[in-house]
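Visitor: Could you take me through one part of this model in close detail? I would like to hear how its pieces are arranged and where they touch.

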Amino acid sequence: MPGTVIVGVQWGDEGKGKITDLMADRMDFVVRYSGGNNAGHTVVCGEEVFKLHLIPSGILYPHIMAVIGNGVVINPEVLLQEMSELSSRGISTGNLKISCNAHLVMPYHLAFDRLGEISLGSAKLGTTHRGIGPAYSDKAERLGMRVQDLLDERIFRKKLESALERKNAILSKAFEHETFDVDEIVRKYMEYAEVLRPYISDTSLLLFNALEEGKNVLFEGAQGTMLDIDHGTYPFVTSSSPTIGGVFTGTGIGPGHIERIVGVSKAYTTRVGYGPFPTEETGEVGDVLCSRGVEIGTTTGRKRRCGWLDAVLLRYAARVNGLTGIALTKLDVLSKFEKLKVCVGYSYGGKIYHDFPPHQTIFHKCEPEYLELPGWEKSISEARSKEDLPPEALRYIEFIEQASNVPVEIVSVGPKRTQTIWMTEESRARGIEEGPYLYEESFDADNSSNFE
Ligand code: GDP
Ligand code: IMO
Ligand code: MG
């Protein structure tokens with residue numbers, strides 16, 4: 001059962017890119033299963049910084065097969081841009097596979113995303129404006145355009161005509177917005193199809209065969225548990241399933257193939273976009289976390305909202321994802337606080353909730369109940385083992401383990417690969433060195449497509 005899942009446990013941007021990159025050296029496949037280019041995953045390799053939006057972070061390793069699963073919504077223009085940017089930096093995308101069943105983000109999805117936000121007024125979500133919600137809506141409405149439609153111009157045109165009939169009517173009548181032209185979109189998307197054709201594949205079968213052969217497959221989550229359409233802070237969520245269930249619907253493999261589920265959590269909490277955030281700190285503490293943590297959105301450049309760690313949410317994420325381990329990131333950012341607060345319950349209507357409340361009003365209006373833990377003065381960015389950490393930092397980690405009932409396997413103390421502490425004997429044994437691993441050798445992986 002060689003499948004490992006990396007899942008964000010907060011509102012995204014927990015450092016999934018770094019943890020994926022760390023774990024990918026022992027993997028054969030890295031797979032994205034949900035979201036689209038609303039994601040922004042940062043990987044720091046030596047002096048180089050990569051920001052990946054659609055392509056799995058494992059692409060940076062020449063030996064990895066990088067797979068975009070059917071649960072992802074793909075804007076082909078953005079995908080091609082990302083591929084060409086990687087190529088210009090010496091990273092080959094020859095090992096990329098794209099599911100034939102993934103849905104496409106279409107130009108009108110971007111328009112509907114923007115218009116939807118405008119019409120919500122002060123109730124808007126603060127989406128990334130990448131057309132993600134409208135693309136998933138069309139998927140559910142059975143009006144979506146899929147990657148496999150790119151392979152046959154006649155089918156593509158027919159489906160597009162039918163979709164645009166409805167879309168254009170709404171755009172012109174409800175929004176007085178300009179309409180979209182079938183021929184123009186067909187021309188553009190057929191150009192994309194020419195380039196993408198060799199990468200399109202039955203990725204469900206590919207992954208099943210790989211897992212059956214005992215290959216190591218890493219599923220790279222995007223977004224986070226609290227942005228999940230079912231389990232997050234609805235309606236202030238994204239439109240997909242970043243939690244564990246998304247792995248199965250988003251790739252077409254079964255749960256029996258999963259061995260480890262690693263939840264990535266920041267040592268504090270951040271959120272971009274609108275919606276409830278009980279432990280948010282809008283004053284000095286928030287500013288300190290934001291500036292020390294460089295909390296600027298990878299995709300949109302927006303400032304992230306910051307606050308203390310919420311252990312109630314961590315426990316909730318452990319439950320809904322069935323976490324087997326935690327990767328705790330950005331612990332370095334908490335250095336120099338005299339006291340650290342952690343939320344252990346929500347107070348509302350004279351009651352304390354120790355579990356994520358079932359009604360959104362409670363979560364929107366509650367006051368966090370805090371426990372105070374001692375902080376530590378010295379910088380821990382240079383710590384490389386448990387023994388290098390001050391006792392207060394170890395106490396903080398221990399608290400997280402007790403609150404979530406999940407072991408902390410990895411502690412990250414900076415963006416670089418080397419700024420990592422492997423907490424267990426097993427993880428310590430597989431610690432890795434910062435490596436000049438970028439494309440020194442050519443690869444000869446089987447790149448055949450089912451659709452060539
Ligand atoms: P993702 O979307 O979950 O992959 O996270 P992002 O890449 O959007 O945001 C995480 C940011 O934190 C990136 O800029 C990372 O380089 C950075 N980062 C990751 N781990 C650490 C860490 O342990 N300490 C610090 N200071 N920065 C980190
Ligand atoms: P990664 O993978 C942080 C947020 C948006 C908005 C809400 C809905 O980098 O962690 P959408 O465009 O998806 O319809 O926006 O979801 N959001 C993210 N926040 N990290 C992300 O991805 C996010 N993807 C979406 O800010 O609040
Ligand atoms: Mg991000």
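**Domains and a helix pair**

Guide: The protein chain is divided into domain 1 (3–59 + 208–430) and domain 2 (103–197), with bounds that come from an automatic or database domain assignment. This is a predicted model, where local features need pLDDT of at least 70 and side-chain atom pairs count only at pLDDT 80 or more, while totals for chains, interfaces and linings use all residues. Residues are numbered from 1 along each chain as its sequence is written, and side-chain values use heavy atoms, with hydrogens and water left out.

Taken over C-alpha atoms, the centres of domain 1 and domain 2 are separated by 32 Å. Their contact (heavy atoms within 4.5 Å) draws 16 residues from domain 1 and 10 residues from domain 2. Together the two domains bury about 1,000 Å², 57% of it on carbon and sulfur atoms; buried area is the accessible area (1.4 Å probe) that two parts lose on being put together, summed over both. Of the area that domain 1 buries against domain 2, 39% is supplied by Asn 38, Ser 239 and Tyr 274, more than by any other three residues.

Now to the helices, which are DSSP runs (H or I, at least four residues) numbered from the N terminus. Helix α2 (residues 76–88) and helix α6 (residues 182–196) have axes that come within 10 Å and cross at roughly 40°, the axes being lines fitted to C-alpha atoms over the stretch in contact, with angles from 0 to 180 degrees between N-to-C directions. The contact includes Leu 79, Leu 80 and Met 83 of α2, and Tyr 189 and Tyr 192 of α6.

Key:
Chains lettered and ligands numbered in written order. Helix = DSSP H or I, 4+ residues; strand = E, 2+ residues; numbered from the N terminus.
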